Amino acid sequence: MKSDPPAARRLLPGFLCLLLAGSSPAPAQTYPAIPVDGEPFEASVSAIDAELRITFTTAGESRVLPAGELVCWGSWADVRRGPVLVLAGGSLIVADLFEADKERLTADSALFGPLEIPLEMVAGAAFRLPANRLARDRLLDRIADASGDSDRVILANGDEVAGRVEAIRDDVISLETTVGSVDVELGRVQALVFNPALLDRGTRDGLHLAAGFSDGTRLITDRLVLAGESLSIDAAGGLRWSTAPGELVAIQPFGGRVTYLSDLRAAGDRHVPFLELPWPYRTDRNVAAGRLRSGGRLYLKGLGVHSASRLTYRLDKPYRRFDVELAIDDLTAGRGSVRFRVFVDGRVRHTSDTIRGGAAPVPVSVDVTGAKRLDLVVDFADRADEQDHANWLDARLVR
């Protein structure tokens, strides 16, 4: 028979519990906040009410800012592991999958717990994410932007099988194809695309926001409420999920006083390659079709171009400022060099120094009061156009 432990050993667990219970919680993480007007500041988010008024805490003081008066707060986390659900409205959810029938999909999220989502809200899922970050971005976009009128299973070897998904269970996708029923083991699948013609993509015209979480989950929502130790999110289709407030790492509102150039149609677009390789400009992506990343940070909004380029926008509303951060995309691994110029009604209003790969983004603000035209120009600098993947980050007009 075992002897009782010494008294000190018996008391130790209880003492630790009392110690932990009496200790104060870890302070909330602070991140940069960029208001529409005024200087950026470091702060944590301590509350968000039902009207999307955000309470920031900085240096022991509170500051309340309506979401429409905020450009962004936080630092977006990259999705690094799968499976990842891609929703029709642009949201990404890291979740362990799952089962599905013809109407609903179920999954388990480390952030939100068990999820049950109507199938018309799900664009697809990535089961295996490529190790290469650019390939990962392209795969998620391939799912989100798919067209056609059938479900598609993308196999790990690159092959595709089209048909109609009857069910997903026991790690098998049951697919009805033109040649009959096929069962595909999930271990052979890289991604699944649900019939794009059946998706309910919805529209959002009013104030809404993107919320970023620590595991790379990104949700587009009309309602985000943080009160005490609870953070609740309203998703499309009447769904509501909740998680710990500390998981929230980024917020970016849309529909406020800021209009992003990537949401407008350019009135003019010209690219002059140094040799012959053309590089069309891209919206909310770098020129290689990956997410915008500069200075080690991920950006949701902006324009990706290659030297030499000119983009022209008509200013048909009473905008007051053009704000932007100038940088080379991190995809170049520190290479590339360009000069940025901003023209307002044909007159140059800003000329940057040479901006090189690996440098931190440079914020620029230009007065456009009463202006009718905005031109954004990127010129060659060192070594012709080698790796000149230039980013106009968070390029925005302020009303």
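## Rings up close

**View 1. Arg297 lies over the face of Tyr299.** The distance to the ring centre is 5.9 Å. A charge counts as sitting over a ring if NZ of Lys or CZ of Arg is within 6 Å of the ring centre and within 35 degrees of the ring normal. Keep in mind that this is a predicted model, where local features need pLDDT of at least 70, side-chain atom pairs count only at pLDDT 80 or more, and totals for chains, interfaces and linings use all residues. Residues are numbered from 1 along each chain as its sequence is written, and side-chain values use heavy atoms, leaving out hydrogens and water.

**View 2. Arg310 has its charged end over the ring of Phe343.** Here the distance to the ring centre is 5.3 Å.

**View 3. Tyr31 and Trp73 make an edge-to-face pair.** Rings of Phe, Tyr and Trp (its six-membered ring) pair if their centres lie within 6.5 Å; planes under 30 degrees apart are stacked, over 60 edge-to-face, and the rest tilted. By this rule there are seven aromatic pairs. In this one, the centres are 5.3 Å apart and the planes meet at 85°, so it's edge-to-face. Both Tyr31 and Trp73 are buried (under 20% relative accessible area; exposed is over 50%, partly exposed in between, with a 1.4 Å probe and protein chains only).

**View 4. Phe274 and Phe380 pair up edge-to-face too.** Their centres are 5.5 Å apart, with 90° between the planes. Phe274 is partly exposed at 46% relative accessible area, and Phe380 is partly exposed at 26%.

**View 5. Phe112, Phe213 and Trp241 form one aromatic cluster.**
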